[in-house]
Structure formats: structure tokens, C-alpha cells
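Here are some notes for a first look at this structure. Please keep the model open while reading them.

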Amino acid sequence: MPRTPFWKLSAVGVFLLGGFVLMEAWGQRQPALQYPETRKVEVVEDYHGVSVADPYRWLEDDVRQSKDVAAWVEAQNKVTFAYLESIPQREAIRRRLTDLWNYEKMSAPVKVGGRYFFTRNDGLQNQSVLYVREQLDGPARLLLDPNTWSKDGTVAISGTALSDDGRYLAYGVAEAGSDWTTWKVLDVDSGKMFPDELKWIKFSGASWTADGKGFFYSRFPEPPPGAAFQGLNLNMKLYYHRLGTPQSEDVLVYHRPDQPRWGINATVTEDGRYLIISVNDGTTSRKVRIVYKDLQEPYGLPIELIDNHDNKYFFIGNDGPVFYFLTDYNAQKYQVIAIDTRKPEKKDWKTLIPETADTLTDVNLVGNVFICIYLKDARTQVKIHDLEGRFIREVDLPGIGTASGFSGKRSDTITFYTFSSFATPPSIYSYNILTGESRLYWRAKVKFNPDDYEVKQVFYTSKDGTRVPMFISHKKGIKLDGNNPTLLYGYGGFNIPLTPAFSVSRLQWMEMGGVFAVANIRGGGEYGEAWHRAGTRLQKQNVFDDFIAAAEYLIREKYTRPEKLAIQGGSNGGLLVGACMTQRPDLFGACLPAVGVMDMLRFHKFTAGRYWVDDYGSSENPQEFRELYRYSPYHALLRNGPRRYPATLVTTADTDDRVVPGHSFKFAAALQAMQTGPAPVLIRIETKAGHGAGKPTSKIIEEIADQWAFLVKNLAFQPTIPD
């Protein structure tokens, strides 16, 4: 960017005037921070005739391999933690959060082989523990306790798969939050471990054959030395593992050497007859082709049922050769169809449950009925249909919130679901499929009174006139005078909806006196595929416009004002925060981007980044490059030059192999260099942690306490913190 003497003088003038006003408002409470010096490198690349500088490219190097990056991380953490530890309310916030977090947590039981399997956490255990009951109300027997696998709680269960008779348990083990998992096998009866150990598995579950002699799973080739946490994941293959044999003897079932980017996963049908292979196109799980194999024909080849990547197809179940799918084929908000594999042409496909005005997000085939989970304005509705698609009844839920679960077998008459909302702790209900009766099975006991809070849904208008829903939660009786510290959360991508669910950390934010808002912006799955696509590729700006409009609504309606407004998001939501704060730095008082995708020109070059091309586009496409370069948070900082930015606490982790930490490292370095105002720009880098999954409770509490303390200081409010 050109930097004339006049421009430099103007920037200095703005900095001095703005800095004086802000320092006066903060009561001289913000000492100047001395950030670690971050060296720059001369890296300039040509993108379709545009020269793009990348002065912090070296921060992409793996922190485990690079002494320079490791030293930078250590120096940044030293500054960050010194700042956070100086906040007077930090320790009280941490203690109260720990107290709130200390309640029993339980998953809905899953019935397999006549037994009931579930996870439980007694409150502050770093990892939840897996148990089994022989009877629903009988004593629980411990199966797996990952808290014994490491001293710091950073080794977690990453997936489970039970044989049909409930005798064998295959489970994944993930270390330090990595996506890489090692799968092992447990004998449920004896508690003894098998010697089986399967490695280099990522983005895959396991599915047992009906005889319980083995299971199918997908894996990648072993990466080259030093590339496990940075290199692209290519050449996924589907294998069959025979119980009690080494992984080297596993049988290759399906792969596409001509398509190294395709992802492959498989499930065995409940009747044990077929193997359903889902193949995505390597840019997203949105586009799926279906291949199946008749397991009664050991030498039979896989057969293509859906031979293109035009739509989504989620396998629900089957009646012999008739397969049921949840799909967006000819249905933006999804429908249920039946495909007879003996007559697989599209003209013979049968629609069982047509598309409705509400978005159909999930379907389970339990007790010989379809249990359909819908979203109506981002709130859960559950409806029961018979196998012909006829409506039977709606499940009466306890209120406005999120329901999940409803798993089981065709022969089951009882299923279980979990319900929660922003101010309603999780409750588990049993549901009688024959009578339609729900019964409370278990309820979390959290140390707060739900009646002290209110939750409402509002609708606001985005820049282009689109009507967008938003949930707003807070203590009852707040004054709409513009003085409330407010936290606005969003995601806006990958067809993922944000629904009202319980969170102890958000409860504490409201207890302290804050307003919590969730904007259901485009790019998510709240209103089906059209809503999703309206926030992708060349339309990605709609996502940011929706989020900015949500902030403006909260200000206009006197919930808050810019100095009291914070925004938060993680992963794709971290990109959301980064883009909005670089486009409208005047609108926010503080920003919390977590594990965000910040370099939109190079994201597809690392680990799982290539899966995101369908949502984002690619810098290799000239038209998409121009749009990506325009909003890419890292490049926006470099292109815009020095200016005043809100207080920012970037968070990431050294073992994040989903969104590699180099995104956050480069963004934080550029933001520190470009910040002209007095607001702090810090990065908090967790060690032995990843993108979020499997993070131990102790680390979660510490990170949230630091974020809340950061907001307390930089939004300048006195929180209510019970003793």
C-alpha cells in the first residue's frame, strides 16, 4: 500500500486523539504493552497478476519442528499470561466457573445387545468415562476411564463402535486434541484389551460386521516424517480389520487412486447384509456419492448407486434391497427418499417424507418408524412418520431448545433423547415409540436458578434485506440503556446450524451481568441448503453482513453500545470474527477469535483445509481469489495498514491439526504490527491441545476464565461474581 507523508501524519493524528479519548474512558487502566518483536520475511507471491506479500510466512512452520516458532510462541504467551494474571477479577471468575462446572454430566444411554452404554462425568473430571449397565436402572460398570491414560488429561476417547451383540467395543484414542486417532478393541464382558492397534485414522468411525468378527474403517497412508500435523490428508482408503490380527493384514475394500482427494466412509446396514460406502468429493461432506457392496457376495464388486457429487445423501436404513436416504436432491430443506437397488434409476426413486417449510436435519429409523428432527427458526421440532412416510405424531418437547439423540434399533420400542436450552440444563428423556410418552430419566443439577433468566428470539434485517433470527439471553430485569456488556456469537458456515443449547460458560457470562446473543446467520444450516449456499464462495460477504447487522441491532435496541460489545467465534467462526473486526473495527469493544481460518489464500494447503474449498472457494480460481483476498482477515490487516482495532484475544493451540495454528499466529503478528490504538492485541496459545475436541476440563475452564477476564477489563464493567 502507498504510504505518503500526508497519510502517515493523518494516521499519527488519529492515533493520538483516539488514544487520549480511550485512555480517559478507561481511567488510565491500560498500560502500554510491549509485544515480542516478530521478524518479517520477503515473501511475495503472484496470484493471477496480483502481487501478495506474506511477511509472516515463517510462522506457518510446525511449532514442534521450528525452534524460531516455538520461541515466538513462548514469548507471546509470556506477555499474554502476564496481562491476564494482572486482571483482579480473573481468579474469582475462575473459581466461580469451576464451581458452576462441577455438576454431573451424562450422555443419553444407547442400547446395544441388551445392555445400556453411556458416558458420565462426575463434574470436574478432565474426560468423561464410559460405563455399561445390564439393566437400565441397574448398577453401572466402568469400561473405559481416559483420565487414567495421562496425568494432564490430554488423552481422550475420540469415537466408539460396538458389535451388534454388545460384546466388543472398538474405540479411538486421540492425544493432545489431534484429529489423528489410534483405534483399539475391548472385550466388554471381561474388560480385557485385545492386542489390535490401528493407526493413521482420521475422520472415520468403525462399523462391525454382523458376526462380530471385524469392522470396516478408513485411514490415510502414514505421513512422511515431520508432516503429520501440517501435510495434506490425501489417499483415504477403506479397510476391513479382522479382530485379533495386525493392521498390516487388513483387507483393502475400496479406494480411488484416480481421486486422491476423495473422502471415504462406510457403515454396515442393521440387517448385516450391505456395506454402504459414502464418498465425498474432497472439498466438503456436502457432495456425496453412494457405493454399496453385498456382504453375502464375498467376491462381489462395489456397485455405484449414486454416481455423481451433485447432492447430499445420508443413509438412514434399509428394508432388504430398498435403501432410505435423507437428501437435498430436489429439496433445499431435505426430504426422505427410498431407492430400490433393483430399480436404481432416478425415475423410480420414491419420496416418502417430502420437503416442508422447516429444515429436516436428521432422521433415525427406530422401532420401525422414522424419527425426524426438524429446525423451525433454529429451534428443534421432532416428528414421527411410519415407513410409508405417513405422519403419526409430533414429540412434545419440554420447551424451546435443542433435542438430540433418538438412536436405536428397528426392534426397539424405547429410545432416549437429550433436551437443553440457553437457561435449561441438559435433561435426558426416554420416549415410548408406541405411546408417544416422554419420561424424565435424568436431569443435570447446576447451581443456578433458571427462573432468573430469560431467552427470546428476535428477527432483524441484514444489509440486503434478508430476515435473520437471533437468540438473546440475559438476567431478567435488565435495563435497555445501552450499558450492558454484550457478547455476540456466530459461526455461519458449512451448513451447521446454531441452536439454543446449555453452556455453563455462557451461564456465567449472564450471571456476571452480561447479555449473550447468538445470530443464526447465512452459511449455516438453519434454513436448509439455500441458506447455506447464500453464505459460501462469492457470497461469503453475506455472512459478515448478517453478523454486523446483528451487532447494529443490539446497539440500536439499546442492549449495548460499541464499547460494551464483544464478538466471539471459533474455527469458521474465528474467520467470522476476524473478517468483521477488520471490516468494522469501530463497531466492537473486544474480539475473541478462536482457532480461526485467517489466511484465505493458503488454507487449502494444510491438513484438512482442502475439505473447505466448497464453502470458501480457492485462490487458484481467479474470480474466487479476488473475493478471498478482499475479506481474508490476515491480508485485510496488511492491506489496510495501521489503524485502531478493538481489544483482541486470539486463541489457538499447538496441536491443532484441523485449522493449523499458523493462521492465528500470522493474524496476531499482523494485528500487533497494525494496531495504532491502546487496546491490547494478545494471543493465547494452549499447549498439548488441538482444535477443541478432547480438551480436558481443566484447560477449558482456564481458557474461558481468561476470556471472561479479558472482556471484564476491556469492556470496563464490574461483574457480579457470587462467593
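In what order do the 8 strands of the open sheet run? The points below start there. Bear in mind that this is a predicted model.

1. **The sheet.** The order is β32-β33-β35-β34-β36-β37-β38-β39. The sheet is open, and its pairing is mixed. At the edges sit β32 (453-461) and β39 (681-686), each of which pairs on one side only. From one strand to the next, the twist averages 20 degrees.

2. Look at β36 (residues 565-570) and β37 (residues 590-594). These two strands run parallel, joined by 5 bridges.

3. **Helices α2 and α12.** The axes of α2 (residues 67-85) and α12 (residues 697-714) come within 10 Å. They cross at roughly 65 degrees. That angle makes α2 roughly perpendicular to α12. The crossing is left-handed. On the α2 side, the contact is made by Phe81, Tyr83 and Leu84. On the α12 side, Asp706, Phe710, Lys713 and Asn714 take part. By class, this contact of α2 with α12 has 4 nonpolar, 1 polar and 2 charged residues.

4. **A residue within α2.** Is Gln76 buried or exposed? This residue of helix α2 has a relative accessible area of 1%, so it is buried. Which residues does Gln76 contact, leaving aside neighbours within four places in sequence? They are Pro36, Thr38, Gln672, Ile683 and Ile685.

5. **Helices α3 and α4.** Helix α3 (residues 90-101) packs with helix α4 (residues 504-511) at an angle of about 130 degrees. Their axes are 10 Å apart. The two helices are therefore oblique to each other. Here α3 passes α4 in a right-handed crossing.

6. **Who meets whom there.** From α3 come Ile93, Arg96, Leu97, Leu100 and Trp101. They meet Val504, Ser505, Leu507, Gln508 and Glu511 in α4. The residues of this contact of α3 with α4 divide into 6 nonpolar, 2 polar and 2 charged.

Technical notes. Residues are numbered from 1 along each chain as its sequence is written. This is a predicted model: local features need pLDDT of at least 70, side-chain atom pairs count only at pLDDT 80 or more; totals for chains, interfaces and linings use all residues. Side-chain values use heavy atoms; hydrogens and water are left out. Axes are lines fitted to C-alpha atoms, for helices over the stretch in contact, and angles run from 0 to 180 degrees between N-to-C directions. Helices (H or I, at least four residues) and strands (E, at least two) are DSSP runs, numbered from the N terminus. Angles under 35 degrees count as roughly parallel, over 145 as roughly antiparallel, 65 to 115 as roughly perpendicular and the rest as oblique. A crossing is left-handed if the near helix is turned anticlockwise from the far one by less than a right angle, and right-handed if clockwise. Contact means heavy atoms within 4.5 Å. Ala, Val, Leu, Ile, Met, Phe, Trp, Tyr, Cys and Pro count as nonpolar, Asp, Glu, Lys and Arg as charged, and the others, Gly among them, as polar. Two strands pair if DSSP finds at least two bridges between them. Buried means under 20% relative accessible area, exposed over 50%, partly exposed in between (1.4 Å probe, protein chains only).
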